[in-house]
Amino acid sequence: MTAPRRPAAAAPPAGRGPGGGNRRHPDRGHAPSAARRATPGRAPRAEGGGGGASRALRLHAPPTRPAPAFQTGEARRCVLERRTTTPGMPRSARRRCLLGPCCLQSAGLGLPRRFQIILTRLVFIKGRDHVYEIRRVESPNAMRKVVLGIKQVLSNNTLLSCLLNLKTIYGVPGKHCQICIRCRTPPPPQQLPPPPRSTGAPGSALGRGWHGSGGWAVGRRPAVRHVSPGIGGVAVVAELLRLCPVEITLEYEGTSFSEWSVPGTCSVKNKSSPKTELRCFSPGFQTIRPIVTGPDSEEERNLSVDSSHVCFLWYYKVINLFHNLTQVIVIWIYDPENADTNELLWNANEPSLYSLILSRQLATLGQKPIIYTTLKRKVYFPHDKMKNGTWRILVPMTSEDVLKEIKGNQVAFQDCFIADFLFLLTSPLLTIPEIPGFLPISSPAGSQLMATWIACVPSYIVVVADMETFQTNDSFRTWTRIRVPPNILTEDERHSISDVNLSRDGIFFLINGVLYIKSFTEFKRLGISENLPNSGIIGITSRKWCWINYLLKAKRRSSMAIWTENEVYLGYTFLKFVKIITTKKLKNLLNISPAATLTIHNVEYPGHPLELALLLNYCTTCRVNKTIYVVIYNEDTEQWVYQDFALDVSIDSFLTPHFIYAAMPELILQDKHRIYYCYHNFTETGVIQTPTEFGNLSRLSNNSIVHDIFMDYYGNVVVKMENNIMFYFKINIRDAIKLHLWTNSTMKSLILLNSSGQISLIYVFENGTIYPREYPLKLESLSVNFNTNEKCPYVAFHNNIFSIFYFLDKGQNLSIWTQIVYPENIGLYIVVESYGPNILQEKDQTHYEIALGYCTKTMTVTFFQNINYEAVDDYFKLQHQNTGLVLVQVRPNEYARACPIAQKVFQIAVGCDSNKFITVKGFNKKDCLQHDFFYVIEKSYLRNQTSKNLRVKYNWKKYGCPLRLDFGEKFHPLLQLYDNNGYVEDVEVNFIVWEIHGRNDYSFNNTMKKSGCLNEAQTWKSMTELNKHLPLEEAWGPENYKHCFSYAIGKPGDLNQPYEIINKSNYNHLVWPEDHSGMYVFRVKILDPNYSFCNLTTIFAIETFGMIPSPSGYLVAAFLFVLMLLFFSILVLSYFHYMRIYKQQIYEPINRYERKQKNN
């Protein structure tokens, strides 16, 4: 069996319903009606490994066979093509002939009517070849050959004759048909290059080729589906009647082949040919087996064939724009069965001619791609019209919202839809370039491959082989070799890598107990200077499951763990390392006797985003057996928890843990021969069983040992042996089955995830090259499960969990529903499990229905908190105790390998969402002219009386644009809550405001009495006096808020004071002094202790202006009266004063003269 060219869209880790461009999701089962919805001429399609898409069985694409044609001397070919039109359509409105190849090899299968063709007229298509339009005329005559003389007008006006022998073509009664004949020089057929072959024994199952198990392969013929641009550049619908069933290519590599054994529902073109074509006429499982000569027999394949309506796929190409930190995603549509080689290899920079025509055609029908992000649930649309057959969507570069999905409208072309396409897109991650003169670094000779990748970017991988180390950022479509400078490592050290780890700081290599790092700039040894031991390190590891979002109350989360036999270190970004525990402390924590031996066996990160698991060796004599214990460390709470697990193994056994993607601590352990399981928080443990040999996988794989275990987000578990034999089971399943042989036993291979979430096999060849190949796990598992008659116990399992991360703030709740449908008398039920601190309450309700022999159970679960944070003794302590991260999983109580996704896992973070913020409605930071602006606040207007005025520089960036208000205009702030997705709600709870520069020359229009207070309410004056040791902004808040609407709270006082608490509905306004203008910069704080875990604040500015009011008329009259009275009083007094002076000047000289006369 062979791998597909390109998988269908995979389901995301988070649940979601069907949507976009699909009638149904390709991973979901097909409804019985959908399987029979095909037109009479359509045959079933082979189901893909990605589920439902129609190209899963394809390894080598056979070249498209040429249509019947007659070659001229100048090597020009006349290609026949058939088109249909709507019945009754007038001749002028008939669809014109479109360019494209045609498949006529099996024309006429199953159709009763015959017709002949006649030449009508020449049609010119601008910018294209000259095409003759031929119209069908129905005829009841028997089959016959018709010879047409066709003349084509060439660019040099030379007439050439193309004689084309056409077989009779069958038509559909009652429909008009058009047939186009186009003469052109045929391009060479495009094929995928054959995969590299490995050497092996001829005729052996593994030696005949690495790509096919059992030495034979299954591929697909291209289907008959063609489009082309319309006349004058306008796209026109081209409906080709499907005349042939699906053709599946079979290939056997070896010399012992005899013939093919196929079921009666299928036919084979040449039964005795090692490479032939298989046609299946009905959906279902088709058992196919090559019959060989000799004592050995080949295993059979149970091929799943379905009539899927998902035929086309999205193709995308990313252009990075570093100047504005955005990425342009160029998108078009392609058909894998008729795609260009570069498109199949995902190396195309632009659409091929066929894809360009197909994209334009579907765009005309209303198709348009949209990009959805699964984690942050954002939507991006094309920013302009289609250009050159492509759409362009602009998205920001991000390292958080990396999981994206391309969806389209529900548009069908020839009854075919486009599969939604899931992919990972992050900020560009560069590979370390190769430097001339540097030397290779590798693992010891003969060792198996080892790999590491960044959990949230599975396409960014490092693979270590025994001859080279390889790095890629696109799942090995391209790759580089990692080399190290000479004279740092010896020859033996360069070939002694025992472990490898990849992080954003670089690539870490563990060589002979010493840790090295290779970055873009250097290759150096890590040790004491980085707070790490100089030697004795036995292992390094990093996180395997991607959690973009999580709630962390601590400062940081580790990215890797390093350990020796007695110490564990955590690594952080920028090469920061911290020792967290020693075995001596662990003995005290676990109450282990000091005389016993306790060492660190292994370390691994569980599915929880904040935890680390340690496997410990415990023994007393340490001669024959030892006991493996498990302890888990939480990085947020810094607590160690001993798990109820103990496993006795031989003293030389080494176990490697693989934690499952689950909410609970669930894992499987591997040694050389067996797989141990620990399910449901260590309550169910045991050995994975096999049909024979009691779970000993080595005996079932020619005494090979376990190499690696691969697990994905959908619950699939693949155990790969060193000789490339693989076993398969799913989580919560206790037995495994052996998969079909796939790869040569001598080939070095590894199982990884690619950027589309599909499983790939990575092959490393002896010449130092690496080759990726997609592995259709679903197709292979269906084939091996078919013989076991195992069925999924339920029919459907649905839920409305569309995200993997939910935030719960105070007063909020989260309700989910999940539904299971199963045959009656089975007794299934839904299990909801949570793991984490006990901070949430749950309330569930189950609805039960039964009809037509099927039972439906629907469970609704609500998560909530019921805690009152008002007027408590220690507000912040109570908040801290009731915040944290809770993981929840929803699953059926029974499960089987034939079931789809095992369980739904998501997080509930109870605490402060850092993306939340509040604003005051009507304020912004853009709609104003920003300039240097200073203003002065008089000292008499300040809350704390100072000796001089305060000069303030207005900070436009921080304060935003001020709102200008008249003196007499009151202002009521309306708060609005926002998060990452935009507006959430208007804030209706209590809040307070204060002027950040200390002004207090404003007031409030409501009094305490008017607001309904029974006791004196809190004010800024009373709270600052009560908390003199605190700054103003911390003196009053939700931690010490007490309302005034109860006689039991507070104390009586003057209720005519201003009420300084505002909310949306109390109509309390800010009022301004009318004797002067001013600039006020206010800060707002939410006061209600039950509204949010976040300290929600914001700033707004008010500038007041207006005319100073004139005094009253009475005052003016009184002033004038006093002024006039004063004037007249002064006038009278001056009169008497001057009269006195006048008298003195007149009478005094006379008296002086008379006295003088007397004296004389």
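Start by selecting C678. This cysteine is buried, since its relative accessible area is 1%, and buried means under 20%. Now jump to C855. C855 also counts as buried, at 2% relative accessibility. Keep in mind throughout that you are looking at a predicted model.

**Disulfides**

How many disulfides does a search of the whole structure find? The search gives 8.

Select C619 and C622. They form a disulfide, with 1.7 Å between the sulfur atoms. Look along the S-S bond: the angle about it is 85°, and the link is right-handed. Then check how each end is covered. C619 is buried at 9% relative accessible area, whereas C622 is partly exposed at 27%.

Next, pick C912 and C1094. A disulfide joins them, S to S 2.0 Å. This pair links distant parts of the chain, 182 residues apart. C912 sits in the loop between strand 60 and strand 61. C1094 sits in the loop between strand 70 (1078–1086) and strand 71. The torsion about the S-S bond is about 110°, so this disulfide is right-handed. C912 is partly exposed, at 34% relative accessibility. C1094 is buried, at 11%.

Move to C1013 and C1044. Here too a disulfide is found, S to S 2.0 Å. Which hand does the link of C1013 and C1044 have? With -45° about the S-S bond, it is left-handed. The two cysteines are 31 residues apart and link distant parts of the chain. Find C1013 in the loop between strand 68 (1003–1004) and helix 9 (1020–1026). Find C1044 in the loop between helix 10 (1032–1035) and strand 69 (1070–1071). C1013 is buried, with a relative accessible area of 6%. C1044 is buried as well, with 2%.

**Salt bridges**

The structure holds 19 salt bridges. Show side chains before you go on.

Select K544 and E604. Their side chains meet in a salt bridge, 3.5 Å from N to O. K544 is in the loop between strand 34 (539–542) and strand 35 (560–563). E604 belongs to strand 38 (residues 597–604). The pair links distant parts of the chain, 60 residues apart. Buried or partly exposed: which is K544? At 31% relative accessibility, K544 counts as partly exposed. E604 is buried, at 10%.

Now select K916 and D809. They form a salt bridge whose closest N and O atoms are 2.9 Å apart. K916 lies in the loop between strand 60 (904–910) and strand 61 (917–920), and D809 in the loop between strand 54 (805–808) and strand 55 (813–823), so the pair ties together parts 107 residues apart in sequence. K916 is buried, with a relative accessible area of 17%. D809 is buried too, at 5%.

Go on to E1103 and R964. Another salt bridge is here, with the closest N and O atoms 3.3 Å apart. E1103 lies in strand 71 (residues 1097–1105) and R964 in strand 64 (residues 963–966), so the bridge ties together parts 139 residues apart in sequence. E1103 is partly exposed at 23% relative accessibility. R964 is partly exposed, with a relative accessible area of 48%.

Finish this group with E468, R481 and R483. Select the three together. They are linked in a network of salt bridges.

**Helix 6**

Select residues 777–786, which make up helix 6. Why is this helix called largely enclosed by the rest of the structure? Because 7 of its 10 residues are buried. Colour them: L777, L779, E780, S781, S783, V784 and N785. Then show what covers them. The cover includes strand 15 (301–306), strand 47 (716–721) and strand 48 (726–730). Strand 49 (737–738) and strand 51 (759–764) are also among the cover.

**A nonpolar patch**

Select V1116, F1119, L1120 and L1123. These residues make a nonpolar surface patch of about 370 Å². V1116 is found in helix 11 (residues 1113–1159). V1116 is partly exposed, at 36% relative accessible area.

How values were computed. Residues numbered from 1 in each chain as written. Predicted model: local features only at pLDDT ≥ 70, side-chain atom pairs only at ≥ 80, totals over all residues. Heavy atoms only, no water. Patch = residues over 30% accessible without salt bridge, like charges linked within 9 Å, V, L, I, M, F, W, Y side chains within 5 Å. Areas by Shrake-Rupley, 256 points an atom, 1.4 Å probe, with all protein chains shown as cover. Salt bridge = Lys/Arg side-chain N within 4 Å of Asp/Glu carboxyl O. Helix = DSSP H or I, 4+ residues; strand = E, 2+ residues; numbered from the N terminus. Buried < 20%, exposed > 50% of the residue type's maximum accessible area, 1.4 Å probe, protein only. Contact = heavy atoms within 4.5 Å. Disulfide = S-S within 2.5 Å.
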